[in-house]
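Please look over the sequence and the model below.

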Amino acid sequence: HLTEYRGEYSAWSPETLELLTKELRKAHPQEGSFAGLRVLKKETPAATVAGWVARMLNNADPISWKTLVDVGSYAHEGKTLGTGDYSIKNLWDYAELGMNKYVLTNPSLKSFIERGDLRKSVQILSGVYQLLPTQTTRTTEQNSFQQFSTPPALALMVNHLAEITPRDVVLEPSAGTGGLAAFAKLLGAKDVLVNELSDDRLAMLKTLFPNATQEDAAHIDNILGARGVQPTVVVMNPPFSSSATTNQKDTMVGANHIEAALRLLAPGGRLVAITGEGMAMDKAKFRDWWNRIKDEYNVQMNVALSSREYAKYGTTFDNQLLVIDKTGPTTGRVFTNNFAKVGNYASLIPLVDEVSKRAEPGISTQPRPAETGGRTEQAVSEPDGKGTPSEQVYRGDGLLGRPDTAKAGGER
């Protein structure tokens with residue numbers, strides 16, 4: 001009953017059914033019989049496994065590696081990992097896709113997000129994430145493309161900091177299985193654009209976002225810009241130091257992806273990115289780069305995060321969380337606290353108060369003044385850049401858990 005689907009049903013192999021039944025009995029010892037168990041509708045292997053994973057997560061049932069392998073074999077018409085028709089990484093990606101399906105379909109999570117309860121939403125996501133098996137093996141493609149997806153609780157925080165509204169066009173340039181984009185869609189963005197270079201991941205991504213594109217995100221500004229695409233929000237987790245198209249190994253790879261996305265971003269737009277710890281403001285290699293970026297863009301935040309909750313998705317590399325607005329140069333302080341020892345993403349919720357509210361998409365803003373205490377709101381200029389700043393301050397109605405009480409030009 002935990003894997004029931006609409007439509008026609010295919011039969012499990014006896015071995016797979018026996019194993020699944022054991023897993024279900026362990027999870028639900030109060031149930032006396034599973035004789036009426038119905039099984040997954042077969043679609044593509046990715047959709048079949050992801051659908052099953054989402055189903056298990058919706059019922060708060062833990063997923064063992066052994067069960068994931070068996071369901072993967074079933075989805076691939078009885079072929080095993082040993083046949084070479086699919087890889088361990090495919091199974092990990094199917095599980096991630098299932099998590100993203102859960103995000104888009106779970107009514108309880110959606111309800112808490114719509115009510116603005118960010119803390120409860122992060123708590124739910126962190127708990128559900130722990131039901132997945134830990135990714136323990138890497139493939140050559142995973143290392144080449146640096147395919148380490150964003151944990152769902154952090155993905156929600158990224159989108160929350162982006163202040164997504166129903167007027168926004170959101171881009172995830174290196175979307176993987178769509179972990180960041182799923183929350184942009186859930187938060188009601190006008191349009192969500194996703195791009196992924198990997199063939200396998202692109203095919204999976206299209207089950208959630210049929211119009212996904214396949215371009216090199218390092219040149220996303222030239223490619224999508226030529227098509228007239230101009231997002232108002234970019235949420236991204238680019239490769240930190242490895243280029244899949246040139247085999248370049250350099251921490252500037254991630255920076256190049258960010259610059260390309262910033263060039264494409266609409267005036268007044270916001271970029272929120274997860275990068276490697278090497279892009280901290282105090283790193284000597286990036287000092288000149290950050291000075292150049294601050295001369296052109298409004299850098300609001302660059303904080304260090306722990307990789308502890310990344311472990312389920314196969315890495316323990318510490319990272320940075322960046323917030324950059326395309327509203328003119330940086331004139332105030334950049335929030336740069338170190339949260340590397342904080343493993344629980346719920347502890348990051350106060351970061352929201354360290355970021356000024358977004359400008360009206362497409363409208364330039366006066367840079368915020370330097371502050372000695374709390375943040376100040378930015379005044380919004382007229383669209384032609386002339387005249388005195390308006391008294392109106394844009395309030396992102398897609399923002400979660402933060403009441404709209406700020407006054408234009410006053411402290412929060």
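## Salt bridges

A salt bridge is counted when a side-chain nitrogen of Lys or Arg lies within 4 Å of a carboxyl oxygen of Asp or Glu. The model is predicted. By this rule it holds 11 salt bridges.

## Arg201 and Asp93

Arg201 pairs with Asp93 in a salt bridge. Their closest N and O atoms are 3.2 Å apart. The pair links distant parts of the chain, 108 residues apart. Arg201 sits in helix α10 (residues 199–205), and Asp93 in helix α4 (residues 88–105).

Are the two partners buried or exposed? Arg201 has a relative accessible area of 4%, so it is buried. Asp93 is buried too, because its relative accessible area is 2%. Both residues also belong to a network of salt bridges, together with Lys89 and Glu96.

## Arg263 and Asp221

The side chains of Arg263 and Asp221 form another salt bridge, at 2.6 Å from N to O. Here the link runs between helix α12 (residues 252–264), which holds Arg263, and helix α11 (residues 220–225), which holds Asp221. The partners are 42 residues apart.

Arg263 is partly exposed, with a relative accessible area of 45%. Asp221 is buried, at 12%. The cut-off for buried is under 20%.

## Arg270 and Asp325

Arg270 forms a salt bridge with Asp325. The closest N and O atoms are 2.7 Å apart.

## Leu118

Leu118 belongs to helix α6 (residues 118–129). Its relative accessibility is 5%, so Leu118 counts as buried. Leu118 and Ala346 are 228 residues apart in sequence. In space, their C-alpha atoms are 8.4 Å apart.

## The chain as a whole

The protein chain has 13 helices and 7 strands. Of its 412 residues, 56% are buried. The accessible surface comes to about 17200 Å². Carbon and sulfur atoms account for 49% of that surface.

How much of the contact set joins residues 24 or more positions apart? Among contacts with a separation of 6 or more, such pairs account for 70%.

Conventions: Residues numbered from 1 in each chain as written. Predicted model: local features only at pLDDT ≥ 70, side-chain atom pairs only at ≥ 80, totals over all residues. Heavy atoms only, no water. Helix = DSSP H or I, 4+ residues; strand = E, 2+ residues; numbered from the N terminus. Buried < 20%, exposed > 50% of the residue type's maximum accessible area, 1.4 Å probe, protein only. Contact = heavy atoms within 4.5 Å. Areas by Shrake-Rupley, 256 points an atom, 1.4 Å probe, with all protein chains shown as cover.
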